[in-house]
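Biologist: Hi! I'm new to this one, could you walk me through some of its backbone details?

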Amino acid sequence: VRRKFFPKVTFARTKRQRARNITMLFTRTLLSLLAFATLPSRRHNVVHAEGIDDVIRWVVTFNEGVLPDQVVNVLTLAGIDVPEIPLQIPELFMSVFMMSPTIAKKIMNLSVVKYVERDVEVKIIDPVSENTADISSTARQGGTEQTPYGIDMVQALEVPDDNVGALTVCVIDSGYAIGHADLPGTEVVTGSDEIGVQPWFEDDNGHGTHVTGIIAALGGNEFGVQGVNRNGQLNLHILRIFDASGQTFSSDTMANIQDCVNAGAKVVSMSFGRSDQQTAEFGLSGPLEFEKEAFDKYYNQGVLFVAAAGNDGSSYYNWPASYDSVISVAAIDENREAASFSQRNDQVDLAAPGVQVLSTIPNNEFAFFSGTSQACPHVSGVAALVWSRFLDKSAQEIRQALTASAQDLGPEGLDETYGYGLVQAAAAVDYLTSGGSAPAPSPSPSPPATEECTDDSTWTDPWGDDCGFYSAGFLCQAFGPFTANSGGQTAIDACCSCGGGARIQSAEPSSASERFKSPRALSFLACFTVAAGSVLF
C-alpha cells in the first residue's frame with residue numbers, strides 16, 4: 001500500500017472507545033466543521049464496479065482548510081466508519097479512500113466535501129506497434145552521433161542552450177536509465193519514487209528513458225543521438241510511477257504533480273493519460289474535478305504542463321491533455337503530415353514529431369518509437385529551451401509564444417489535427433524578442449442544439465432517490481453506473497440530467513467542440529453543473 005506523508009489510519013472499533021474518542025475530539029474539530037457547514041458540496045465522475053457494496057478506490061476532495069489529520073475526525077463525528085486511506089495530498093486537501101459506493105454516497109453528503117470521484121486508472125501512452133522499431137535491432141551509432149529529424153524540425157539547434165541549467169523539467173513516466181552514456185547523470189538529475197515504483201533511476205519499461213532522451217540526450221559526445229537540450233545542463237526531476245505494465249491511478253499522478261512542484265519544476269512532461277474512447281463503456285470518461293483544479297492551480301502559479309494528445313486516431317478526448325491548463329500535443333511524421341494514430345479534436349494545441357523517433361532506451365541502446373508520447377517531449381524540451389532565454393516570462397507567456405509562433409499546418413489557422421501547428425523554438429524566441437502580440441482569440445463554438453426530455457417518474461435508485469436527486473448535484477458520473485433498480489435501469493437510462501429519459505427531440509452536435517460547454521469543460525455524462533447545497537452530516 002502506497003501512502004504519502006501519513007501512516008495507515010486506525011480508529012476505535014468498540015462503542016466505548018468511539019464515545020471516548022468523540023468526546024476528546026469534539027472540542028478540536030467542532031469549530032472547524034461549523035465553519036464549513038454552510039458551504040455547498042459538488043461532486044462528479046462515474047464509477048464502475050460489480051455492485052453498490054464492492055470496495056473500490058475513490059478520491060475525496062475536501063473544502064480548503066480541512067487538513068488530512070482532520071479527516072478521520074470528520075468522518076467519525078458523522079457516524080461514518082473510516083475506510084482505509086492509502087494516500088493523502090495535503091496541498092490539494094485530497095484523500096483517497098477504499099470504500100463501497102454506499103459509503104461514498106454518505107461522505108458525499110458532508111458539506112465539508114467538494115468532490116467524491118472515482119480514482120480511475122491511467123496508462124502510459126504506448127508506442128504504436130505498427131510504427132515501432134524492433135528494440136532488438138537498436139539504432140546504436142558507435143562513434144557517430146545522429147541528430148534525429150525531430151530535433152531539426154522543431155528548430156532546437158537554432159537556439160543556444162547555454163542557460164537551460166536555470167530550469168528544471170519534471171518527467172513523470174516509467175523511470176530513467178541513470179547510467180546511460182548518452183543521458184545526463186546525477187549532477188543534474190534527481191528523482192523520487194515515494195508514490196510509485198522503486199527505484200526511480202531504473203526503467204524496465206523503456207518508455208520513460210526514451211521520452212527523456214528526446215528532451216535532453218547529450219550532444220557533442222560522438223555517440224548516439226542528441227536531444228532538444230543537449231549540453232547536459234538541464235535539470236531533470238524523474239518520477240517513476242509506471243512499472244513494466246504501464247498502469248497506475250489518477251490520484252498517484254496528482255501526488256507526483258505535487259512532487260514536481262515541490263522540486264521547483266517549471267515544465268512537466270506527461271506522456272500518459274486515459275482516453276474517453278477506452279473508458280466510455282465503463283462510464284469513466286470525461287474530466288475529473290480534482291485533476292482539473294490541481295492543474296489550474298499550478299499553471300496559474302507558473303508551471304507549464306505538456307501532455308500527449310493520445311494514440312487512438314479518433315476525436316475522443318485524452319486526459320490530462322484535454323484540460324485547459326495543459327498543452328495537448330499531436331504527432332506528425334518527418335514530412336509534416338499528421339500521424340494516422342494521433343488524436344484529432346478541438347483540444348489539440350500543438351504538433352511535434354512523433355513517427356519513428358530515434359531516442360535512448362536502457363542498456364546504452366537506442367530505438368525508434370512512434371506515438372504522441374514522443375511528440376510530447378519535443379514540446380516539453382522546446383518550452384524549457386525557449387524559457388531559458390526569457391526567465392522573467394510566465395507560463396502563460398511561454399505557452400502563448402509557442403502557439404503564436406508555431407508553423408501552421410493543414411487548414412489555415414487553428415484546427416483539430418495540428419492545433420496551432422508545428423512547435424518552433426527559434427520562431428518562439430523571435431516572437432518574445434520582438435515583444436510578441438497576443439494571437440486573435442478563437443471563435444466560440446456554436447451552442448449545442450437543445451432538446452426536450454422527460455424523466456422516468458417511476459424510477460428510483462437502490463438508495464431510494466429519484467431523478468430529482470441526480471439533477472441537483474453533479475452526481476450522474478459519481479453514481480450513475482451503480483444505480484440499477486430491479487428493472488435493470490440506471491440513472492443514466494432514466495434521468496434527463498444523466499443523458500437518459502425520454503427524448504422528445506434531439507439534434508446531433510456538428511463537431512466535437514459542441515459536446516462541451518466550453519473548449520475544455522464537461523464530457524457527455526457530466527454536462528450538467530448544478531451544485532447542490534447540503535447540511536453537515
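Modeller: Happy to! Let's begin with Asn-364, which is partly exposed, with a relative accessible area of 25%. Keep in mind that this is a predicted model.

Biologist: Where is Asn-364 found?

Modeller: Asn-364 lies in the loop between strand 16 (357-361) and strand 17 (365-369). Its phi is near 60°, a positive value in a residue other than glycine.

Biologist: Is Glu-222 buried or exposed?

Modeller: Glu-222 counts as exposed because its relative accessibility is 59%, and the cut-off for exposed is over 50%.

Biologist: New topic: which residues does a cis peptide bond join around Pro-199?

Modeller: That bond runs from Gln-198 to Pro-199, with omega near -10°. Pro-199 sits in the loop between strand 7 (189-192) and helix 5 (207-216). A cis peptide bond also joins Trp-319 and Pro-320, with omega about 20°. Pro-320 is in the loop between strand 13 (318-319) and strand 14 (326-332).

Biologist: Last one: how many residues of helix 2 are buried?

Modeller: Eight of the ten residues in helix 2 (residues 68-77) are buried, so this helix is mostly covered. Among them are Pro-68, Val-71, Val-74 and Leu-75. After helix 2 comes Gly-79, with a positive phi near 80°.

Conventions: Residues numbered from 1 in each chain as written. Predicted model: local features only at pLDDT ≥ 70, side-chain atom pairs only at ≥ 80, totals over all residues. Heavy atoms only, no water. Buried < 20%, exposed > 50% of the residue type's maximum accessible area, 1.4 Å probe, protein only. Helix = DSSP H or I, 4+ residues; strand = E, 2+ residues; numbered from the N terminus.
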